[in-house]
Amino acid sequence: MDASIQITLPPVSALSSPALSLHSTLLSYASFSDRIHLLFDDATSKLTDLRSFTCPPPLSSSLSPSDGQGRKEEILGEELPVLAKEVARVETVRAYAETALKLDTLVGDIEDVVSSTMNKNLRKHSSTQSVEEMRLLAIERLRQTEDVLISVTVTHPQWTSLVSAVDHRIDRALATLRPQAIADHRSLLGSLGWPPPLSTLISANLDTGKSTAEVSNPLFTMQGLLKQQYCENFLALCHLQELQWRRKSRQLEGSIRKLALQQPLWAIEELVNPISIACQRHFSKWIDKPEFIFALVYKITRDYANTMDELLQPLVDEVRLVGYSCREEWISAMVTSLVTYLAKEIFPNYVDELDGESVSGEQSKARVSWLHLVDLMIAFDKQIQSLVTHSGISLSLQDDGSLQKISSLSVFCDQPDWFDIWAENERNDTLEKLKPERLLLVIDRCRSLPNTLMRSRFLKMAGGSITQRYLDCLLLRCQEAEGLTALTDDNGLIKVANCVNAARYFESVLKEWCEDTFFLELGFDHSEQLGLGVKDSSGLEGRIDEPVGCIFDEEIKKLENFRKEWVEKISVVALRGFDARSREYFKNRRHWQEKCEESWTMSKNLVGALDYLQGKMAVAEENLNQIDFVGVWRSFAAGVDQLLFNGRMSIVKFHDAGVERLNCDMDTLFGVFGAWCLRPEAFFPKTSDGLKLLKMNEKQLQDTVSGGRKRMKENGIIHLNVAEAEKIQNKRVFMS
């Protein structure tokens with residue numbers, strides 16, 4: 001057998017040459033078909049030859065059994081695989097030829113229809129066929145062609161040249177078919193009287209709630225042949241868009257294509273464009289009255305929204321355009337036209353005004369105008385969202401794409417410099433009338449922004465600055481109080497306490513907000529911007545498994561640090577005063593050798609220090625919030641504990657009488673703190689353990705200290721190390 005049969009595929013370039021005549025095409029494929037038949041004849045002959053060798057030989061055969069067996073093995077081992085490969089190749093060529101011929105016929109029909117409709121020359125179709133019927137025929141052929149291409153893409157992905165050639169010809173046909181369909185659609189709209197006259201809307205009060213029935217609506221009043229023609233043309237545009245969606249879906253298969261495929265509905269855009277042009281003639285008169293612009297756009301949008309549901313949505317459903325709502329597309333297109341006008345005509349003027357006033361140092365008027373415009377945009381977006389929800393469509397905050405399409409604030413998406421100006425204006429306006437609740441107003445305004453990235457960025461720019469300015473004001477008041485009297489007087493202490501309370505309140509509000517879903521989403525988005533990766537000891541980056549924080553985490557941390565710093569200062573100031581008033585108490589060495597008077601339960605030198613302590617704590621408790629007051633007295637107790645143990649008990653020598661006096665005095669001190677806790681001695685760990693050692697007899701004290709940590713722990717001494725215990729032992733004097 002000849003294993004070198006050559007199979008040549010038909011040239012793909014023939015498919016990409018629209019100028020090739022049908023006659024030459026048929027001749028070419030007839031010739032190619034003859035070659036295919038020859039290949040099949042050859043394959044059939046070889047299969048017959050193979051059968052003769054594989055069948056058992058007749059009894060009268062002169063071949064020996066060994067010769068027949070050898071020939072059979074040769075055929076099965078060498079020639080049969082080659083023949084099978086050739087048969088498969090021939091089948092592939094046949095399938096390719098049939099597919100190419102089918103595609104060429106379909107594309108030829110499409111090109112013929114397009115050419116006929118353009119030249120008004122019905123060469124191939126009867127003169128009774130309308131242009132719309134011919135267009136529908138072309139769309140049907142386009143759909144059939146796309147079905148074949150989808151099948152080829154799945155079953156024969158290697159035929160990329162064939163698919164590319166057909167796509168090229170289809171693109172050229174669509175480049176003619178779509179503009180022609182749109183032109184016919186616009187002509188029909190003009191015949192219907194679209195757009196409707198706006199004079200009735202403008203002359204009337206824009207805030208009145210007229211229903212759709214009270215507004216002239218050509219789409220509802222059209223009848224007969226005109227209505228049929230409009231519906232057919234509308235369907236043709238929808239069919240073309242559905243076809244394009246299928247083509248793009250096939251061409252972008254395997255990639256992230258959702259955003260690329262989702263386009264505005266062409267037929268709805270053709271309704272909005274003439275209205276937008278008509279409206280802009282009136283908008284130009286209302287540059288200084290933007291509220292009229294928003295009112296007119298909303299009224300038009302609202303009055304024709306029901307038309308989209310009742311008349312046009314059934315047509316879109318018939319075409320099976322997945323994911324399209326005529327109501328939402330109408331609203332989105334109207335909002336887009338408004339955003340375009342704002343970007344071209346309104347905001348550039350406002351920016352120029354701000355730049356002009358910045359030269360003179362006055363920005364109040366331009367800033368007020370800017371913020372007033374934003375107020376109008378926020379109010380407009382809320383009205384628009386209510387129109388969308390009436391259709392049963394639920395827009396969540398996570399669906400940034402859908403929300404952005406119906407938000408006038410999306411003008412800031414493509415203009416980050418304007419976004420920065422807005423945030424700066426909000427910040428300056430809020431700081432001029434700074435109150436803690438003003439931050440909530442800024443947050444409410446940012447909720448209308450169309451995506452989480454913008455909301456997060458706006459809050460960090462405007463809200464973060466407001467929080468920092470508020471904290472700076474608190475810090476300045478505290479520093480002024482500290483600078484005047486070093487917080488030794490009650491007035492200074494009260495001022496600082498009030499500032500700490502304000503910081504605590506602000507911090508608690510921010511933490512409460514952070515538990516809301518709105519702020520959790522912003523926090524997650526902000527964490528993604530900052531990056532959630534961390535590096536381990538090996539230098540490799542990994543993910544943080546901790547929960548995502550709040551967007552106000554940084555501000556909350558600053559407020560916490562501010563509170564801790566000034567709570568500590570209050571404690572330090574009180575401790576200094578207590579130290580100054582208690583020095584004489586320990587200085588008198590004879591004092592610790594004299595026995596206490598039976599009628600006296602506290603050392604006279606300690607009375608002034610404890611009176612000062614009670615006075616300061618009373619002022620702090622009265623003016624400071626409960627949580628931070630706990631921090632004050634606990635910090636003060638820890639300081640007194642260190643002061644008594646390190647500065648007094650380890651220096652003075654204690655006789656029995658001194659130990660008794662110290663025990664009475666510490667009971668009194670602990671009693672002062674007993675007003676705020678059940679076991680005050682627990683907050684004086686070193687002093688309490690030192691007093692336990694001093695109260696031991698000589699043998700017990702020696703055994704406890706010499707026994708080390710284990711023996712000390714058995715006797716309840718757990719907050720002192722051995723060295724500290726030895727110091728106490730050395731200061732204890734026992735009389736023999």
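1. Helices, as the term is used here, are DSSP runs of H or I with at least four residues, numbered from the N terminus. The model under discussion is a predicted one, and by that convention helix α7 covers residues 224-251.

2. Within helix α7, tyrosine 230 and phenylalanine 234 are four residues apart, which means that about one helical turn separates them. Their ring centres lie 6.1 Å apart and their planes meet at 40°, and because planes between 30 and 60 degrees count as neither stacked nor edge-to-face, the pair is classed as tilted.

3. Is tyrosine 230 buried or exposed? Its relative accessibility is 0%, so tyrosine 230 counts as buried, and phenylalanine 234, with a relative accessible area of 0%, is buried as well.

4. The count of aromatic pairs comes to 27. Elsewhere in the chain, ring pairs link Phe578, Phe629, Trp633, Phe636, Phe670, Phe673, Trp676, Phe683 and Phe684 into a cluster.

5. Turning to helix packing, helix α4 (residues 160-192) packs with helix α9 (residues 266-283) at an angle of about 45°, their axes being 11 Å apart. That angle makes α4 oblique to α9, and the crossing of the two helices is right-handed.

6. On the α4 side of this contact are Arg178, Ile182, His185, Arg186 and Leu189, which meet Trp266, Ala267, Glu270 and Leu271 in α9. Sorted by class, the contact of α4 with α9 holds five nonpolar residues, one polar residue and three charged residues.

Terms used
Residues are numbered from 1 along each chain as its sequence is written. This is a predicted model: local features need pLDDT of at least 70, side-chain atom pairs count only at pLDDT 80 or more; totals for chains, interfaces and linings use all residues. Side-chain values use heavy atoms; hydrogens and water are left out. Axes are lines fitted to C-alpha atoms, for helices over the stretch in contact, and angles run from 0 to 180 degrees between N-to-C directions. Angles under 35 degrees count as roughly parallel, over 145 as roughly antiparallel, 65 to 115 as roughly perpendicular and the rest as oblique. A crossing is left-handed if the near helix is turned anticlockwise from the far one by less than a right angle, and right-handed if clockwise. Contact means heavy atoms within 4.5 Å. Ala, Val, Leu, Ile, Met, Phe, Trp, Tyr, Cys and Pro count as nonpolar, Asp, Glu, Lys and Arg as charged, and the others, Gly among them, as polar. Rings of Phe, Tyr and Trp (its six-membered ring) pair if their centres lie within 6.5 Å; planes under 30 degrees apart count as stacked, over 60 as edge-to-face and the rest as tilted. Buried means under 20% relative accessible area, exposed over 50%, partly exposed in between (1.4 Å probe, protein chains only).
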